Amino acid sequence: QVQLVESGGGLVQAGGSLRLSCAASGSFFSINAMGWYRQAPGKQRELVATSTSGGITNYADSVKGRFTISRDNAKNTVYLQMNSLKPEDTAVYYCDAYVQTTRWGTIIHSWGQGTQVAVSS
């Protein structure tokens, strides 16, 4: 199994920056991809950014040019650098990962517990 722990959330003013981290731990062979979702109160959870172990990334249109996802595969950690933050970025941000359980095993999907990001006007 895998555990994902997010950190780095907080309260910032519009235009400010935050850097989120998500570290994976537990028993698994490899992590194929990691990413970030967010969910604002009363809203659906939405994709923010994803990154494969090979460095292929994609972003939601709403964050392109402002957010950057990066990976440290040796540390099984994914980061989300958030710049030029807007009030509409306020949400709980969740890390996710697609994990290969064993050398010949299946791939499972796991979620972190979330970290709060609040952006004031």
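Q: Hi! Which ring does the charged end of Arg 45 sit over?
A: The ring of Tyr 94, with the charged end 3.7 Å from the ring centre. A charge sits over a ring here if NZ of Lys or CZ of Arg is within 6 Å of the ring centre and within 35 degrees of the ring normal.

Q: Good to know. What kind of model is this, and how are residues numbered?
A: This is a predicted model, where local features need pLDDT of at least 70 and side-chain atom pairs count only at pLDDT 80 or more, while totals for chains, interfaces and linings use all residues. Residues are numbered from 1 along each chain as its sequence is written, and side-chain values use heavy atoms, with hydrogens and water left out.

Q: And Arg 103, which ring does that one lie over?
A: Arg 103 lies over the face of Trp 104, at 4.2 Å from the ring centre.

Q: Switching to aromatics: how many aromatic pairs does the structure hold?
A: One. Tyr 37 and Trp 111 have ring centres 5.0 Å apart and planes at 75°, so they are edge-to-face. Rings of Phe, Tyr and Trp (its six-membered ring) pair if their centres lie within 6.5 Å; planes under 30 degrees apart are stacked, over 60 edge-to-face, and the rest tilted.

Q: Where do those two sit in the chain?
A: Tyr 37 is in strand β4 and Trp 111 in strand β10, 74 residues apart. Strands (E, at least two residues) are DSSP runs, numbered from the N terminus.

Q: Is Trp 111 buried or partly exposed?
A: Partly exposed, because its relative accessible area is 34%. Buried means under 20%, exposed over 50%, and partly exposed in between (1.4 Å probe, protein chains only).

Q: What about His 109, which side chain does its own side chain make a polar contact with?
A: That of Asp 96, at 2.7 Å. A polar contact is a pair of N or O atoms within 3.5 Å; within protein, one must be able to donate a hydrogen and the other to accept it, and residues adjacent in sequence count only if both atoms are side-chain atoms. The C-alpha atoms of His 109 and Asp 96 are separated by 7.2 Å. His 109 lies in β10.

Q: OK, and β8: how many of its residues are buried?
A: Five of its six. β8 is antiparallel to β3, over six bridges, and six bridges also join β7 to β8, again antiparallel. Strands pair if DSSP finds at least two bridges between them.

Q: Which residue stands opposite Tyr 79 of β8?
A: Ser 70. In the hairpin of β7 and β8, Asn 76 takes a positive phi near 50°.

Conventions
Helices (H or I, at least four residues) and strands (E, at least two) are DSSP runs, numbered from the N terminus.
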